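My notes follow in the order in which I took them.

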Number of protein chains: 2
Amino acid sequence: MSKVRREHGAGGELMESLIKEELLPNLTMRGEGSVTLDDLDDGATFPSVDGEMVMTTDAHIVDPPFFPGGNVGKLAAAGTANDLAVMGAKPVAFACSIVVREGFPIDDLKRVYRSIDGVLSELGAHLITGDTKVGNTGDVDIVVTMTGVGEIVELVRDCGLRPGDKIVITGTVGDHGMAILAAQQGLDTDLESDVAPVWEAVNAALEVGGVTSMKDPTRGGLAGALNEMAEKSGVRIVIEEERIPIREEVRVLSEMLGVNPLEVANEGKVVMGVRPDMVDDVLDAIRSTEVGKNAEVIGVVEEGTPRVEMETEVGGRRIVEKPVGDPVPRVC
Amino acid sequence: MSKVRREHGAGGELMESLIKEELLPNLTMRGEGSVTLDDLDDGATFPSVDGEMVMTTDAHIVDPPFFPGGNVGKLAAAGTANDLAVMGAKPVAFACSIVVREGFPIDDLKRVYRSIDGVLSELGAHLITGDTKVGNTGDVDIVVTMTGVGEIVELVRDCGLRPGDKIVITGTVGDHGMAILAAQQGLDTDLESDVAPVWEAVNAALEVGGVTSMKDPTRGGLAGALNEMAEKSGVRIVIEEERIPIREEVRVLSEMLGVNPLEVANEGKVVMGVRPDMVDDVLDAIRSTEVGKNAEVIGVVEEGTPRVEMETEVGGRRIVEKPVGDPVPRVC
Ligand SMILES: Nc1ncnc2c1ncn2[C@@H]1O[C@H](COP(=O)(O)OP(=O)(O)OP(=O)(O)O)[C@@H](O)[C@H]1O
Ligand SMILES: Nc1ncnc2c1ncn2[C@@H]1O[C@H](COP(=O)(O)OP(=O)(O)OP(=O)(O)O)[C@@H](O)[C@H]1O
Ligand SMILES: [Mg+2]
Ligand SMILES: [Mg+2]
Ligand SMILES: [Mg+2]
Ligand SMILES: [Mg+2]
Ligand SMILES: [Mg+2]
Ligand SMILES: [Mg+2]
């Protein structure tokens, strides 16, 4: 099986053949501008639109790079698309830079590109430019950095919560982080990452209207995202523990390992604030999409010192702290 | 001196304080859209324009990350800006993803950001979004991936050469690659990298007109860039050895180390094709800029089998081969 060599990252003939013969054939969404990825020029073009566009980027060093439910390519494409989505922007074009260690199997690189292509095809967006470097990257087999630009459908900020808004989560919480942790620990479980693009659910919600704020609860999990939204919006969020959808396997494993499922990363979820008079319709719209079928209303926004409180299943109230960091190392 | 810890890349409070307190204060160009880097939202906005825009990306793993004439931050900002420039696009907005090893000095991270800011200030472009991950990245201290979008002033391809065009290089050849190689070998030289944004020189040339093709001769050097342009344009390029500007120190070191200065990376140069009737004016315009002051006409485009030939100083002709890769490892 052929492996990545140093020269594959050295800008010459060997790199060109890697890109042309191994990567491009696994990609169908290669651009639609007057310069596309096929041109292998210094960059490529994307159709711009009236007014502003959104840009976002994430580097991915997830360990292991192939995990139950996905791989670093799917994660990179979905992760970046989802940061565009929660800004209210439809993904248009992506750039993908790879840093890979010598000896990485080229077949694995192809799988990564097929997964990227799967996400792009679902979104109707294109990978138009990239870069490839090879180094001795120690514990990190591959770094996939995906940057995206998107067309604003309706600009939504993470600071827009208002008292009275309902808090909606588009599905179960903790799946990605617990699946990665299980894989890292070598545990044999049925857990799968939730990694998926969320645009369809977001778009359905935006079409109904009344969405005041959105965030994708990645590193730091739901607890991190809610704390940021509360802080930035200057409001208190009160969530009800029993309404938060958590898979039974996630609950069991998180108790076993002593990890809070609200603090681990999700990679196919959105948490949003919705005007109370719109929330039923928004929930229906989100639930009508595959990625949002388990959506729930989990809380409400109140006036008060910015923080997140949780009404527990036994009837008490406790503060949901902002995590110092995600408890799972190299979760994305 | 404080160092990067794992939690600095874990998406929580510690990461937020690293970004807010250490990185942002070293950046002045933080966006001008309705969402900027200061908002620390999931992404940020940039003003789009009519028609298409250009996007490009490069990951940088240069060894050493601080080298004579620059560092990985300056390299990343200039490198990405230069790929936009050679497409004929003025840089508008950038995204910067960092992967850094545990233990990396935070002061060095600040220096990297100050250098990025220097390039952005010169260009009037903004860093609007980023990402930070921490891992045990072996030999690689830091990966800086910079992605940029630019407004097209005049779309210029790398396949546009036509017989009769003159070949212009905007300055001396081999400086970056030989400076990095000298640093890697622990040699005590006066060599400095040429790393710099080239937009000013490119813009000056575009204002005159007659530019048919451009490329930045990075990995694979001038030999690589010319071969690609010849291949893609379906033409022969003939260059004159004695007209290629090469610093004496670069010449001496390249002979000493047996490395061809035409095959190593440049990071502040452009090679372009120019219509013969315009070349004098284009050359004057380029030379009037600081980054282009040593520009020269080094050859001509002919009909014929696509390849690059060189008339040597002793009067012969030889083929300039397309490099398999750049002879200097981790040159950028
Ligand atoms: N991993 C990748 N995925 C998709 N496209 C890639 C990838 N690596 C490189 N490319 C594409 O291949 C072409 C050549 O890439 P290359 O990095 O050599 O260009 P460059 O940035 O101009 O040169 P340098 O990286 O030396 O500055 C570009 O069009 C680039 O978009
Ligand atoms: N190295 C960096 N340089 C500049 N800005 C950064 C950097 N790292 C992060 N940021 C900014 O800090 C904010 C928070 O980044 P973060 O990566 O946590 O957001 P996210 O992508 O939504 O979350 P995740 O990375 O977990 O998916 C964003 O606005 C981002 O642009
Ligand atoms: Mg280039
Ligand atoms: Mg993200
Ligand atoms: Mg590149
Ligand atoms: Mg986000
Ligand atoms: Mg480049
Ligand atoms: Mg991020």
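**Chain A against chain B**

I began with polar contacts and found 51 residue pairs across the interface of chain A and chain B, both residues of each pair being at pLDDT 80 or more. I note here that the model is predicted.

Next I asked which elements of chain A make up the side that touches chain B. The elements that each supply at least two residues are α1 (13-23), β1 (44-47), β2 (52-60), β5, β6 (126-135), β7 (142-152), β9 (211-215) and α6 (221-233). By class, I have 35 nonpolar, 24 polar and 24 charged residues on that side of chain A.

I then looked up the extent of the contact. I find 83 residues of chain A in contact with 83 residues of chain B. The buried area between the two chains is about 5,900 Å², and carbon and sulfur atoms give 51% of that area. Which three residues supply more of the area that chain A buries against chain B than any other three? They are A:Asp42, A:Met55 and A:Arg219, and I have them down for 14%.

For charged pairs I counted 10 salt bridges between chain A and chain B. I wrote out one of these: A:Asp39 pairs with B:Arg157, and their closest N and O atoms are 3.4 Å apart.

**Symmetry**

How are the two copies related? I find that a rotation of 180° with 0.0 Å of shift along its axis superposes chain A on chain B, with an RMSD of 0.0 Å. That is the relation of a two-fold axis. The same surface serves both copies, as 100% of the contact residues of chain A recur in chain B.

I also checked which residue of chain A comes closest to the rotation axis. A:Gly138 does, with its C-alpha at 1.8 Å.

**Domains within chain A**

The domain assignment of chain A gives me domain 1 (6-152) and domain 2 (166-319). Over C-alpha atoms, the centres of the two domains of chain A are separated by 27 Å. Their contact takes 22 residues from domain 1 of chain A and 20 residues from domain 2 of chain A.

Between these domains of chain A I have a buried area of about 1,700 Å², with 68% of it from carbon and sulfur atoms. In domain 1 of chain A, the residues that lose the most area to domain 2 of chain A are A:Pro68, A:Asn82 and A:Val86. Together these three make up 30% of what that side buries.

How many salt bridges cross the interface of domain 1 of chain A and domain 2 of chain A? I find 0. For polar contacts across that domain interface I find 6 residue pairs, with both residues at pLDDT 80 or more.

I listed the elements on the side of domain 1 of chain A that touches domain 2 of chain A. Those that each supply at least two residues are α2 (72-85), β5 (89-101) and α3 (106-123) of chain A. Of the elements, α2(A) gives the most to that side, with 7 residues. The residues of that side divide into 12 nonpolar, 5 polar and 5 charged.

**Salt bridges overall**

Over all chains, I count 56 salt bridges. One that I looked up inside chain A joins A:Asp107 and A:Lys110, with the closest N and O atoms 3.7 Å apart. These two residues of chain A are 3 residues apart in helix α3, so about one helical turn separates A:Asp107 and A:Lys110.

**Backbone entries**

Most residues other than glycine have a negative phi, and most peptide bonds are trans. I therefore wrote down the exceptions that I looked up, with that general rule in mind.

In chain A, the peptide bond from A:Asp63 to A:Pro64 is cis, with omega near 0°. I place A:Pro64 in the loop between β2 and β3 (66-67) of chain A. In chain B, the peptide bond from B:Asp63 to B:Pro64 is cis, with omega near 0°. I find B:Pro64 in the loop between β2 (52-60) and β3 (66-67) of chain B.

My last entry is A:Arg330, which has a positive phi of about 45° although it is not a glycine. A:Arg330 lies in the segment after β14 (317-319) of chain A.

Note on methods. Residues numbered from 1 in each chain as written. Chains lettered and ligands numbered in written order. Predicted model: local features only at pLDDT ≥ 70, side-chain atom pairs only at ≥ 80, totals over all residues. Heavy atoms only, no water. Least-squares fit on C-alpha atoms with pLDDT ≥ 70 in both. Contact = heavy atoms within 4.5 Å. Domains from an automatic or database assignment. Buried area = accessible area lost by both parts, 1.4 Å probe. Salt bridge = Lys/Arg side-chain N within 4 Å of Asp/Glu carboxyl O. Polar contact = N/O pair within 3.5 Å; in protein donor to acceptor, adjacent residues only side chain to side chain. Helix = DSSP H or I, 4+ residues; strand = E, 2+ residues; numbered from the N terminus. Nonpolar A, V, L, I, M, F, W, Y, C, P; charged D, E, K, R; others polar.
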